[in-house]
Amino acid sequence: MLTKEEAAAYSHIGINKLEELLKIPNDPFVLYVGKKKLIKRAEFERYLLENVEI
């Protein structure tokens, strides 16, 4: 599990763009813990590999 900041640093994607990705309905790599959004690393990597352009 990664926080938004960790995922941004890990993937070299800006925080704002990452927040846009987290708003996608039925996002497979987002886990909600209360109001906090955590990112499932394995699913996030798979999403990045499948989508050439973000």
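1. In this predicted model, K17 has a relative accessible area of 31% and is therefore partly exposed. Its side chain meets that of E20 in a salt bridge, at 3.6 Å from N to O.

2. E45 and R41 form a salt bridge whose closest N and O atoms are 3.0 Å apart. These residues are four apart in α3 and are thus separated by about one helical turn. E45 is partly exposed at 25% relative accessibility, and R41 is partly exposed at 40%. As a general point, an α-helix has 3.6 residues a turn, so residues three or four places apart point the same way.

3. The structure holds three salt bridges. One of them joins K4 to E19, with the closest N and O atoms 3.2 Å apart. This pair links distant parts of the chain, as K4 belongs to helix α1 and E19 to helix α2, 15 residues apart. K4 counts as partly exposed at 26% relative accessibility, and E19 is partly exposed with a relative accessible area of 29%.

4. Helix α1 spans residues 4-11, and its buried residues are A7, A8 and S11. They lie on the same side of α1 because the arc they cover around the axis is only 100°. Their packing partners are α2 (15-22), β2 (36-39) and α3 (41-50). The exposed residues E5 and A9 are carried by the face turned away from this buried side. After α1 comes H12, with a positive phi near 60°.

5. Beyond its neighbours within four places in sequence, S11 contacts F44 and L48.

6. The largest nonpolar core comprises 12 residues, among them L2, A7, A8, F29, V30, I39, F44 and Y47. Two or more core residues come from each of α1, α2 and α3. The largest contribution is that of α2, which gives three residues. L2, a member of this core, is in contact with A7, Y10, L38, I39 and R41 when neighbours within four places in sequence are left aside.

7. On the surface, M1, L31 and V33 form a nonpolar patch with about 260 Å² of accessible area together. Of these, L31 lies in strand β1, residues 30-33, and counts as partly exposed at 32% relative accessibility.

Note on methods. Residues are numbered from 1 along each chain as its sequence is written. This is a predicted model: local features need pLDDT of at least 70, side-chain atom pairs count only at pLDDT 80 or more; totals for chains, interfaces and linings use all residues. Side-chain values use heavy atoms; hydrogens and water are left out. Buried means under 20% relative accessible area, exposed over 50%, partly exposed in between (1.4 Å probe, protein chains only). The arc is that of the directions from the helix axis to the C-beta atoms. Contact means heavy atoms within 4.5 Å. A nonpolar core is a set of buried Ala, Val, Leu, Ile, Met, Phe, Trp, Tyr and Cys residues joined through side-chain atoms within 4.5 Å. Patches are made of residues with over 30% relative accessible area and no salt bridge: like charges are joined within 9 Å, nonpolar side chains (Val, Leu, Ile, Met, Phe, Trp, Tyr) within 5 Å. Accessible areas come from the Shrake-Rupley method with a 1.4 Å probe; for residues, only the protein chains shown count as cover. A salt bridge is a side-chain nitrogen of Lys or Arg within 4 Å of a carboxyl oxygen of Asp or Glu.
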